[in-house]
Amino acid sequence: MVLDPKLVLASGSPRRLELLRQAGIEPDRLMPLDIDETPRRAEHPKALARRLARQKAEAALSFLRGDPNWPNRFVLAADTVVAVGRRILPKAERVEEASSGLYLLSGRAHKVYTGICLVTPNDTFRLKVVDTRVRFKRLSRQEIESYIASGQWRGKAGGYAIQGLAGSFVAKLVGSYTNVVGLPLHETVNLLVGEGYDVHLHWLEPQRT
């Protein structure tokens with residue numbers, strides 16, 4: 001075990017923070033990062049998720065390196081990509097993006113990839129990509145328009161958030177549910193434990209509900 005370990009979450013996502021808290025893990029610092037998430041030409045969605053997760057971790061590490069307040073720190077970063085085949089759906093910021101994405105996903109299967117990057121206190125990088133297969137029911141125009149009006153699509157990969165109203169769109173899911181939310185807990189906890197981070201440290205304390 002690393003003595004007095006600190007965990008930095010290189011993300012501003014409230015969903016990832018809540019998922020970690022669900023596992024009894026409370027990051028010591030949050031570091032939202034603004035990086036270019038544009039896919040490279042012909043880049044596979046799995047490769048994109050892996051690359052962006054590593055870039056976020058590297059960006060956080062550059063801020064922390066040399067800071068005497070963070071000698072024993074783990075850095076955790078993640079990025080989630082939604083794709084139909086090799087076609088990558090953007091994180092929807094405009095109504096048109098969300099609407100076209102939902103029409104594309106309607107009645108068909110797609111994959112959600114989350115890249116996880118953990119940097120240990122000795123600056124070792126551990127990377128993993130988890131994928132989940134999701135099939136949507138056939139969506140009516142009213143369902144799509146009502147979901148767009150809810151605003152829950154904004155900033156979400158693929159234009160939907162499975163933990164909200166869009167959960168009713170899912171006809172079948174094969175793999176990790178938390179992966180689709182934004183951070184596969186099983187794999188993330190295993191990475192932390194494997195590198196000596198005590199994930200059970202706060203389990204006896206009152207948990208958020």
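A polar contact is a pair of N or O atoms within 3.5 Å, of which, within protein, one must be able to donate a hydrogen and the other to accept it. In the predicted model described here, such a contact joins the side chains of D79 and K56, at 2.9 Å. D79 belongs to strand β3. Its relative accessible area is 1%; because residues under 20% count as buried, D79 is classed as buried. Beyond its neighbours within four places in sequence, D79 is in contact with R16, E37, A49, L52, A53, K56, K91, Y113, T114 and G115.

The open spaces of the model were examined next. Rolling a probe the size of a water molecule over the atoms shows where empty space is left. The largest pocket holds about 490 Å³ of space. Its lining comprises 28 residues, and those closest to the pocket centre are S13, R15, R16, K91 and G155. At least two lining residues come from each of helix α1 (14-22), strand β3 (73-84) and helix α5 (177-181). In terms of residue class, 13 nonpolar, seven polar and eight charged residues make up this lining.

The second largest pocket contains about 190 Å³ of space. Eight of the lining residues are nonpolar, two are polar and two are charged.

Helix α4 was considered separately. This helix spans residues 141-150, and within it I144, Y147 and I148 are buried. Viewed down the axis of α4, these buried residues fall within an arc of 100°, and they therefore line one face of the helix. The face turned away from the buried side bears Q142 and A149, which are exposed. The cover over the buried residues of α4 includes helix α3 (95-105). Just after α4, G151 adopts a positive phi of about 80°.

Note on methods: Residues numbered from 1 in each chain as written. Predicted model: local features only at pLDDT ≥ 70, side-chain atom pairs only at ≥ 80, totals over all residues. Heavy atoms only, no water. 1 Å grid on protein atoms, 1.4 Å probe; cavity = no way out; pocket = protein on both sides within 12 Å on 5 of 7 lines; lining within 4 Å. Points joined across faces, edges and corners; volume = space filled by probe spheres on them. Helix = DSSP H or I, 4+ residues; strand = E, 2+ residues; numbered from the N terminus. Nonpolar A, V, L, I, M, F, W, Y, C, P; charged D, E, K, R; others polar. Buried < 20%, exposed > 50% of the residue type's maximum accessible area, 1.4 Å probe, protein only. Contact = heavy atoms within 4.5 Å. Arc of directions from axis to C-beta.
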